[in-house]
Amino acid sequence: MRNAKGDSAADRGLNVASPVQQPARLHEIDLLRITAALAVVFYHYTFSGFAKGQTGVAFPTAGEFSRYGYLGVDLFFVISGFVVLLSALNRSPEKFVISRIVRLYPAFWVSVTLTSIVSVLFSQGMFQVSPLQYLANVTMFNPVFGVDNIDVVYWTLWAELRFYVIIFVLTCIGITRRRLLTVMWAWLAATFLLESGLLPLGLSAVLDYAVQSQYSHYFIAGMALCLVYRFGPSWSSWAIVAVALGNAVYRGVPFSGDVAVRYRVDLNPAVVVTVIAAIFLLIALVALGVTSRIAKPWFATAGSLTYPLYLIHAHIGFVVFSRLQASVDPYVLLFGTVLVMCLVAWGMHVTVERRFGPLLKRSLERLAAALRHRLPRTRAQSHSAGIDPPTEPLAMPVFSHHEHSDGGRRAT
């Protein structure tokens, strides 16, 4: 229903039913997540590890393809924009923060600990870890203090955390479709302002800390496609996706040139553009419900490996390669290491995420409840008591998806 100005109920943020049939879980997202993770794994094992001198095993044929695997992180970011916003709808700020802590930290703590132990005991000085570095890394805020990540892949976690701050602020003010569109256009505008080079260098650096202009377009596109999934197609959502895609290509092609120079290889810009476009297309098809016909429940099992596999594979895998490369066939070593890392990831999911995650959630909920009793009555509490109701947020059945990445500069 529209008012005199032509605004729909969805535009005004009212409690409306979605025109899109929404399943309990988007299994095709799980398939995309594990695909992105494996792309990054093979990128490290068959291309960047040898190129950086972290392994002595070359895969010249496989490397021709896997050198583009760094774009798996770009897919991660679009998925994050989609599923993190989806998980935040109809969640209070408190519940959103708790859900993010529970999803991120248990597996990360185990990963940091295992990687540190392996690095200290078996890497023969290839990877150094100090006690201070370890303690800083377990907070996930080590980039704030200028402390290096223990593993190269952790850089995306810091990017994710900064994105979560934006979603957290939205949960505080109330998520409506109109506010989401305003935030996304403002975020794109800030991205373009930074890219223009018109700001003083110091101010630009400070602003980019929040804007993340190198990959903001991916988060924004994921958020816009979440709106498509929630309310169906609209010109405003598709306009944001189109602009974000253009900027992704604008930033992605020069970045691929930097990667090519760094590793002294050739990266075909046409391939880079094709992969970026494919990422946007795939998530758009998910948002439109086109991919639901191929979704299988077992995709959830594969998807559950994504986060722990992403966290655990890099430095530990490089150590395994360096120890066994002289005595094991390269491809046996490659696929054997990938298999072992998948088994370790599954073990982390079952023993850490499934068992410790709920315990951590209950503990955080009890802590939050205790803090609420000590704090003055807030507007949100008044609303729950039926006093002074604010504008209603979007109505949305929430399901838990796990998106991912790491923290610091973009690593390849």
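Which residues does Thr 291 touch, not counting residues up to four places away in sequence?

## Thr 291 and its neighbours

Leaving out residues up to four places away in sequence, Thr 291 touches Glu 28, Leu 285 and Val 286. With Glu 28 there's a polar contact too: the two side chains meet at 2.7 Å. Keep in mind that this is a predicted model.

Thr 291 has a relative accessible area of 11%, so it counts as buried, the cut-off being under 20%.

## A covered helix

Next up is helix H3, which covers residues 72-88. H3 is mostly covered, with 17 of its 17 residues buried. From its first C-alpha to its last, this 17-residue helix reaches 24 Å, close to the 24 Å expected at 1.5 Å a residue.

After H3 comes Asn 90, and its phi is positive, near 65°.

Val 97, Val 165, Phe 168, Val 169 and Ile 173 make a nonpolar surface patch of about 390 Å².

Which helix gives the most to this patch? That's helix H6 (residues 155-173), with 4 residues. Ile 173 is a patch member that lies in H6.

Methods: Residues numbered from 1 in each chain as written. Predicted model: local features only at pLDDT ≥ 70, side-chain atom pairs only at ≥ 80, totals over all residues. Heavy atoms only, no water. Buried < 20%, exposed > 50% of the residue type's maximum accessible area, 1.4 Å probe, protein only. Contact = heavy atoms within 4.5 Å. Polar contact = N/O pair within 3.5 Å; in protein donor to acceptor, adjacent residues only side chain to side chain. Patch = residues over 30% accessible without salt bridge, like charges linked within 9 Å, V, L, I, M, F, W, Y side chains within 5 Å. Areas by Shrake-Rupley, 256 points an atom, 1.4 Å probe, with all protein chains shown as cover. Salt bridge = Lys/Arg side-chain N within 4 Å of Asp/Glu carboxyl O. Helix = DSSP H or I, 4+ residues; strand = E, 2+ residues; numbered from the N terminus. Expected span 1.5 Å × (residues − 1).
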